[in-house]
Amino acid sequence: MIYLDNNATTPVDQRVREAMIPFLGEKFGNPSSAHAAGRAARAALEQARGQVASLLGASDESVVFTSGGTESINTAIRGALAAQPGKRHLVTSAVEHSATRNLCAQLEREGCEVTWLPVDAGGCIDLDAYRRSLRSDTALVTLVWANNETGVIFPIADMARMADERHIVFHTDAVQAAGKVPVDLSAVPAHLLSISAHKFHGPKGTGALFVRAGMGLPSILSGGAQENGRRAGTENVPGIVGLAAAAELAQAAMASEMPRVADLRDYFEAGLRERFPTVLFHGDPTHRLPNTSNFALPGMAAADLLAGLERLGVACSVGSACASGSPHASHVLRAMGISDGEAESSLRFSFSRTNTREEVAAALEALAAAAGRLGMGG
Ligand code: PLP
């Protein structure tokens with residue numbers, strides 16, 4: 001299989017797997033236990049905290065381990081609201097991942113007021129509209145750093161600064177950004193930030209929430225006092241060790257590998273233009289992740305193309321993996337003013353450091369063959 005769906009999830013790096021194995025075997029201790037087995041697990045946990053902090057340019061104490069992006073996002077948003085009972089206004093965007101989108105919709109039903117910032121045709125937010133949305137009763141801004149469907153990157157440093165100047169808590173969903181573009185919290189005044197290991201060659205079901213020093217954030221789970229009272233429940237030590245190994249590898253590889261991944265993406269898009277002159281690319285090309293290509297082949301049903309590609313051994317996705325199978329066109333593409341028809345002709349290819357030029361060339365051939373079988377040029 002040629003796997004080009006890396007925004008859905010990434011293959012676990014062999015070195016990550018090897019780092020985890022002892023913690024599924026002889027190093028099985030509970031980090032809260034006082035004996036030697038527990039102390040060994042605690043030491044691994046604290047070393048992992050340092051490695052994750054280093055990826056984010058953060059202090060060790062600011063890293064809270066969670067079960068992944070969704071839990072981090074829920075903890076950040078619910079926690080920020082609980083910590084500021086007088087404030088019931090939230091600012092988010094129309095193109096968030098369902099973890100944020102569905103929680104904010106739920107909070108609206110619970111009586112909060114939510115400002116859903118629109119995006120332009122390129123998927124970008126108008127900074128003046130953003131500034132105007134910030135109010136004295138705003139409890140939290142929550143915005144995705146890099147979009148999972150289009151790869152469009154928001155100017156998170158500027159947006160966090162504007163919120164911080166007004167003493168408004170700023171959370172960013174950096175699940176797709178971390179490991180692909182620099183995420184340096186020493187230069188970005190965000191208060192909360194979410195990441196997930198399986199998006200950068202780590203294991204599924206493990207992630208982290210960055211909580212800026214001095215911020216009191218209640219645990220949304222009731223239970224033990226793990227993670228300094230910020231996340232109840234025995235820590236997933238093997239997963240956390242895997243997250244940390246993946247973070248270290250991503251950080252070390254970023255400068256050399258991400259330009260190569262961007263070259264693969266550009267080679268793919270040039271090949272598409274050659275084979276399908278009517279191709280339409282989605283998302284501002286100047287503010288995009290290096291690995292993501294989202295495009296429409298007008299007149300083609302993406303679901304049929306996907307099935308054809310699958311038969312030829314190529315895995316990609318329509319819109320976002322979380323939305324596929326849903327009868328509705330992607331809310332992200334809709335928010336960018338893309339018609340339902342065009343959205344239904346749209347595919348997402350997302351690359352990673354495991355991909356090669358040969359795979360991309362073969363995927364282009366497969367796409368041309370799948371389109372040809374459906375009676376379209378290419
Ligand atoms: N946020 C974004 C932008 C994502 O792409 C995803 C995963 O698809 C998530 C959040 C959810 O992360 P997890 O799968 O770790 O719950």
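View 1. Glu46 and Arg49 sit three residues apart in helix H2 (residues 36–56), so about one helical turn separates them. Their side chains meet in a salt bridge, 2.7 Å from N to O. The rule here asks for a side-chain nitrogen of Lys or Arg within 4 Å of a carboxyl oxygen of Asp or Glu. Search the whole structure and you get 18 salt bridges. Helices (H or I, at least four residues) and strands (E, at least two) are DSSP runs, numbered from the N terminus.

A quick note on the model: it's predicted, so local features need pLDDT of at least 70 and side-chain atom pairs count only at pLDDT 80 or more, while totals for chains, interfaces and linings use all residues. Residues are numbered from 1 along each chain as its sequence is written, and side-chain values use heavy atoms, with hydrogens and water left out.

View 2. A backbone N or O atom of Gly69 is 2.8 Å from a ligand oxygen.

**View 3. Where the two domains meet.** An automatic or database assignment sets the bounds, giving domain 1 (2–8 + 254–373) and domain 2 (14–249). Their C-alpha centres are 27 Å apart. On the domain 1 side 26 residues are in contact with 31 of domain 2, contact being heavy atoms within 4.5 Å. About 2,400 Å² is buried between the domains, 57% of it from carbon and sulfur atoms; that is the accessible area (1.4 Å probe) lost on putting the two parts together, summed over both.

**View 4. The domain 1 face, element by element.** Between the domains there are zero salt bridges. Helix H7 (237–275), strand S10 (292–296) and helix H9 (331–335) each give two or more residues to the side of domain 1 that touches domain 2. H9 gives the most, with four residues.

Key: A polar contact is a pair of N or O atoms within 3.5 Å; within protein, one must be able to donate a hydrogen and the other to accept it, and residues adjacent in sequence count only if both atoms are side-chain atoms.
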